[in-house]
Amino acid sequence: MQIKTKRLTESAMLLAMAIVLELVSKSFIPEMPFGGQVTLVSMLPVVLISYRHGTKWGIVSGLCYALIEMVIGAKTVAAAFQPGYFGDGTMIFNAIIMCLLDYILAFTLLGLGGIFRDKIKNPGVSLLCGSLVALGARYLAHILSGYILFSGWAEWFFTQDGFPAWGARLVESLSPSLLGWVYSIVYNGMYMVPEIILTAIAALLIARVPKIVTKVS
């Protein structure tokens with residue numbers, strides 16, 4: 001019972017820390033025009049839950065975090081169910097896909113952060129690799145969502161004023177389908193790649209504190 005209570009209490013505290021880091025980030029780091037943002041390693045606490053308590057509990061915590069993210073992003077979620085968000089008319093199916101991929105799946109996958117805790121002896125390397133897998137999985141979820149929902153913006157994105165010349169060359173050389181995938185990879189990578197790098201570095205640093213990377217269960 002003591003272990004269960006400690007697990008619940010610690011997980012709640014780390015989830016709260018993740019939310020605080022995100023909200024602080026929103027106060028001074030600009031958000032991307034179509035969603036997404038680099039944060040102050042706000043996903044690392046969720047990864048740490050998985051490392052300390054195992055991936056099963058990590059997945060549960062990730063799902064809780066996903067639901068909290070939907071509350072934080074309530075304006076975006078609500079707007080997705082309104083006419084015009086995805087084009088002409090109300091596209092409820094698209095809105096549901098967005099909720100499932102960009103929130104439920106993307107943030108639940110952060111629970112994979114502890115996947116290497118029993119496979120790699122070095123805590124720093126283990127937590128770093130787990131962070132790469134967890135955030136990489138989230139990135140893939142956003143890529144899939146971006147392709148399904150927003151690939152129609154690809155040509156505009158790569159040919160807008162101020163975009164490097166290689167963008168126009170991509171439009172000319174790629175099929176619409178492939179261009180859509182490249183668009184989603186590039187757009188989501190603009191915030192996810194820096195986030196992955198920062199989180200991996202932070203994971204390596206905090207792993208130097210033995211108590212932080214102690215396996216609880």
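Reader: How do you know where the axes of helix α3 and helix α5 come and at what angle they cross?
Author: This is a predicted model, where local features need pLDDT of at least 70, side-chain atom pairs count only at pLDDT 80 or more, and totals for chains, interfaces and linings use all residues. Residues are numbered from 1 along each chain as its sequence is written, and side-chain values use heavy atoms, without hydrogens and water. Axes are lines fitted to C-alpha atoms, for helices over the stretch in contact, with angles from 0 to 180 degrees between N-to-C directions. Those of α3 (residues 55-72) and α5 (residues 92-108) come within 6 Å and cross at roughly 140°.

Reader: Why is α3 called oblique to α5?
Author: Under 35 degrees is roughly parallel, over 145 roughly antiparallel, 65 to 115 roughly perpendicular, and the rest oblique. The angle is roughly 140°, so α3 is oblique to α5.

Reader: What makes residues in α3 and α5 meet?
Author: Contact means heavy atoms within 4.5 Å. In α3, the residues include Ile 59, Leu 63 and Met 70; in α5, they include Cys 99, Ile 104 and Phe 107. The contact divides into 10 nonpolar, two polar and one charged.

Reader: Which radius of gyration would a compact globule with 217 residues have, and what does the protein have?
Author: The radius is taken over C-alpha atoms, and the globule rule is 2.2 Å times the number of residues to the power 0.38. The rule puts a compact globule near 17 Å; the protein has 19 Å, which agrees. The C-alpha trace spans about 60 × 35 × 30 Å along its principal axes.

Methods. Helices (H or I, at least four residues) and strands (E, at least two) are DSSP runs, numbered from the N terminus. Ala, Val, Leu, Ile, Met, Phe, Trp, Tyr, Cys and Pro count as nonpolar, Asp, Glu, Lys and Arg as charged, and the others, Gly among them, as polar.
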